[in-house]
Amino acid sequence: MKRGKKYVEAAKLVDRTATYSAEEAVALVKKASTAKFDETVEAHIRTGCDGRHAEQQIRGAVVLPHGTGKTVRVLVFAKGAKATEAEAAGADFVGGEELIPKIQNEGWFDFDVVVATPDMMGVVGRLGRVLGPKGLMPNPKAGTVTMDVTKAIADIKAGKIEYRLDKTNIVHVTVGKVSFTEEMLADNFKAIMDAIVKAKPSALKGQYIKNITLTSTMGPGVKVDTTKYLA
């Protein structure tokens, strides 16, 4: 794969054979960011889990201390008083059954997170085939199936992110933006790692965290030392 001149120059800043502390990695990711837009900083965490086994699945959510740097649009499936509460709490869209054809047939996806009250999951379940592959299906473990819609919306707007294993047993998460200070990115990364370490499946035998790479949208990957997460 041919890389641009800027990427090649940026990659020279990173020693591919070395692992860095979280703080050093964050500093390098910022330094190696060359795009004209405010790149997203991401963490890719390869685990020793086997996601084919339900007891080795990892899924949850964490509120980043400094948010994600992105404006998140929230859709809430609720009715009656809960719909009114969701609107008052700042949901971008609130509705019920009438939204099904709009999403299913018209391909409407002007939202980033979906929250639903438990009594609406029968309706939302009918959208499983379209919401599931996009990672938008509400889930109790992620706090997006709840009666407390006010708290759910507040957390999401404050910078709550979901984490889950993909098919290759890697967790991909947003850490923040390149424009964040090193301290902000390091704080967010620590919050993510604390949550993921805590979520270690009890059924897992062997090494949990295999490797961690921090990167910006267009920048080279920086390997993070995993020693402190092996306990």
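Select Ala22, Val26, Ala27 and Lys30 in helix H2 together with Glu182, Leu185, Ala186 and Phe189 in helix H8, since these are the residues through which the two helices meet, a contact here being heavy atoms within 4.5 Å. Sorted by class, this contact of H2 with H8 has 6 nonpolar, no polar and 2 charged residues; Ala, Val, Leu, Ile, Met, Phe, Trp, Tyr, Cys and Pro count as nonpolar, Asp, Glu, Lys and Arg as charged, and the others, Gly among them, as polar. Before going further, note that this is a predicted model, in which local features need pLDDT of at least 70 and side-chain atom pairs count only at pLDDT 80 or more, while totals for chains, interfaces and linings use all residues. Residues are numbered from 1 along each chain as its sequence is written, and side-chain values use heavy atoms, with hydrogens and water left out.

H2 passes H8 in a right-handed crossing; a crossing is right-handed if the near helix is turned clockwise from the far one by less than a right angle, and left-handed if anticlockwise. The element names follow DSSP runs numbered from the N terminus, helices (H or I) having at least four residues and strands (E) at least two.

**The antiparallel sheet**

Next, select the strands E7, E1, E8 and E9, which in that order form an open sheet of 4 strands with antiparallel pairing; two strands pair if DSSP finds at least two bridges between them. Strand E7 (170-177) and strand E9 (222-224) are the edge strands, each pairing on one side only, and the twist averages 25 degrees from one strand to the next. Helix H8 (residues 182-198) lies across E1, E7, E8 and E9, and runs at about 155 degrees to E7.

Now step to Asn169, in the loop between strand E6 (160-164) and E7. What is its phi? Phi of Asn169 is near 65 degrees, a positive value in a residue other than glycine. For background, most residues other than glycine have a negative phi. Asn169 counts as buried because its relative accessibility is 16%, buried meaning under 20% relative accessible area, exposed over 50% and partly exposed in between, with a 1.4 Å probe and protein chains only.

**The parallel sheet**

Move to the strands E4, E3 and E5, 3 strands that form an open sheet in that order with parallel pairing. E4 and E5 stand at the edges with a single partner strand each, so one side of each is left without a neighbour in the sheet. Direction ignored, neighbouring strands of this sheet are turned by 20 degrees against each other on average.

Select strand E3 (residues 74-77) and show its side chains: Val74 and Val76 on one side, and Leu75 and Phe77 on the other, are all buried, so that both faces of E3 are covered. In general, side chains in a regular strand alternate between the two faces of the sheet. E3 is joined by 4 bridges to strand E5 (residues 113-116), where Val76 stands opposite Val115. Another 3 bridges join E3 to strand E4 (residues 93-95); in E4 the bridge partner of Leu75 is Phe93, and that of Phe77 is Gly95.

**Helices H3 and H7**

Helix H3 (residues 80-88) and helix H7 (residues 149-158) pack at an angle of about 30 degrees, with their axes 9 Å apart, which makes H3 roughly parallel to H7. To see where they touch, select Lys82, Glu85 and Ala86 in H3 with Val149, Thr150 and Ile153 in H7; by class, this contact has 3 nonpolar, 1 polar and 2 charged residues. The last stop is Asp155 in helix H7, which counts as buried at 17% relative accessibility and, leaving aside its neighbours within four places in sequence, is in contact with Val63 and Lys160.

Key
Axes fitted to C-alpha atoms, helices over the stretch in contact; angles between N-to-C directions. Parallel < 35°, antiparallel > 145°, perpendicular 65-115°, else oblique.
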